[in-house]
Amino acid sequence: MIDEDVSRRTIALSIRTGKLTARGLAYVLRAAGRKIQKEYRARQTPHGRQSVKKLMAHGAATNSIELTGAPKEFDRVARKWNVDYAFYKTGPDKYLLFFKSGQADAITACFGEYSRRVLDKAKTDRVPIREQLKRAAAEILRQPAPQKKDRVKEAAHEDR
């Protein structure tokens with residue numbers, strides 16, 4: 001049992017070199033480690049936001065919801081809920097949100113929080129900074145220019 005486990009994790013590595021040095025061996029082992037890590041990452045299923053193609057490749061059934069507005073705001077909320085989803089743009093500011101059917105409950109809760117955030121953002125009457133600057137510039141132009149004082153030279157004293 002133990003021998004099987006060890007032999008399953010054994011890696012065969014062959015290199016051709018004129019002179020085997022510690023530096024050369026370390027270089028080869030690092031390259032092999034990078035290749036193993038790359039293959040491991042490729043086998044992992046992606047989570048969070050991804051392309052529609054990758055989401056469909058998971059093999060699970062998917063559903064979709066229409067979403068209007070900025071997907072960036074939805075991303076912030078969805079990260080908290082740890083859901084897999086993808087956006088498909090259908091028009092300007094119109095998207096289809098694809099998600100796994102198994103995560104429908106999490107998406108519903110996530111979508112509820114997203115809609116609360118959007119509604120709260122609409123309620124705030126905060127004026128954008130550019131608009132404030134435009135208003136201030138218009139106000140300055142409306143004010144009359146300050147009166148300039150005439151400068152008069154004083155008479156010079158002869159005894160100085």
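A residue counts as buried when its relative accessible area is under 20%, and as exposed when that area is over 50%. Keep those two cut-offs in mind as we walk through this predicted model.

**The chain as a whole**

- The protein chain holds six helices and three strands.
- A box of roughly 115 × 60 × 30 Å, taken along the principal axes, is filled by the C-alpha atoms of the protein chain.
- Of the 160 residues in the protein chain, 18% are buried.
- Take the contacts between residues at least 6 apart in sequence: 65% of them join residues at least 24 apart.

**Helix H4 and its buried residues**

- Which residues of H4 are buried? They are Pro71, Glu73, Phe74, Asp75, Val77 and Ala78.
- These buried residues of H4 pack against strand S1 (62-68), S2, S3 and H5.
- Glutamate 73, our opening example, lies in helix H4.
- Setting aside neighbours within four places in sequence, glutamate 73 is in contact with Tyr114, Arg117 and Lys121.

**How H4 and H5 pack**

- Two packed helices are described by the angle between their axes and the distance between the axes.
- For helix H4 (residues 71-81) and helix H5 (residues 104-123), the angle is about 140 degrees and the axes are 9 Å apart.
- That angle makes H4 oblique to H5, because angles over 145 degrees would be needed to count as roughly antiparallel.
- The crossing of H4 and H5 is right-handed.
- On the H4 side, the contact is made by Glu73, Phe74, Arg76, Val77, Ala78, Lys80 and Trp81.
- On the H5 side, the contact is made by Ala106, Ala109, Cys110, Phe111, Glu113, Tyr114, Arg117 and Lys121.
- Sorted by class, the contact of H4 with H5 has nine nonpolar, no polar and six charged residues.

**Loop residues to look at**

- You can find asparagine 82 in the loop between H4 and strand S2 (85-91).
- Is asparagine 82 buried or exposed? With a relative accessible area of 57%, asparagine 82 is exposed.
- Aspartate 93 also is not a glycine, and has a positive phi of about 60 degrees.
- Look for aspartate 93 in the loop between S2 and strand S3 (94-100).
- Aspartate 93 counts as exposed, at 52% relative accessibility.
- Glycine 102 sits in the loop between S3 and H5.
- The relative accessible area of glycine 102 is 76%, so glycine 102 is exposed.
- How far apart in space are glycine 102 and arginine 117? They are 25 Å apart, C-alpha to C-alpha, and 15 residues apart in sequence.

Note on methods. Residues are numbered from 1 along each chain as its sequence is written. This is a predicted model: local features need pLDDT of at least 70, side-chain atom pairs count only at pLDDT 80 or more; totals for chains, interfaces and linings use all residues. Side-chain values use heavy atoms; hydrogens and water are left out. Axes are lines fitted to C-alpha atoms, for helices over the stretch in contact, and angles run from 0 to 180 degrees between N-to-C directions. Helices (H or I, at least four residues) and strands (E, at least two) are DSSP runs, numbered from the N terminus. Angles under 35 degrees count as roughly parallel, over 145 as roughly antiparallel, 65 to 115 as roughly perpendicular and the rest as oblique. A crossing is left-handed if the near helix is turned anticlockwise from the far one by less than a right angle, and right-handed if clockwise. Contact means heavy atoms within 4.5 Å. Ala, Val, Leu, Ile, Met, Phe, Trp, Tyr, Cys and Pro count as nonpolar, Asp, Glu, Lys and Arg as charged, and the others, Gly among them, as polar. Buried means under 20% relative accessible area, exposed over 50%, partly exposed in between (1.4 Å probe, protein chains only).
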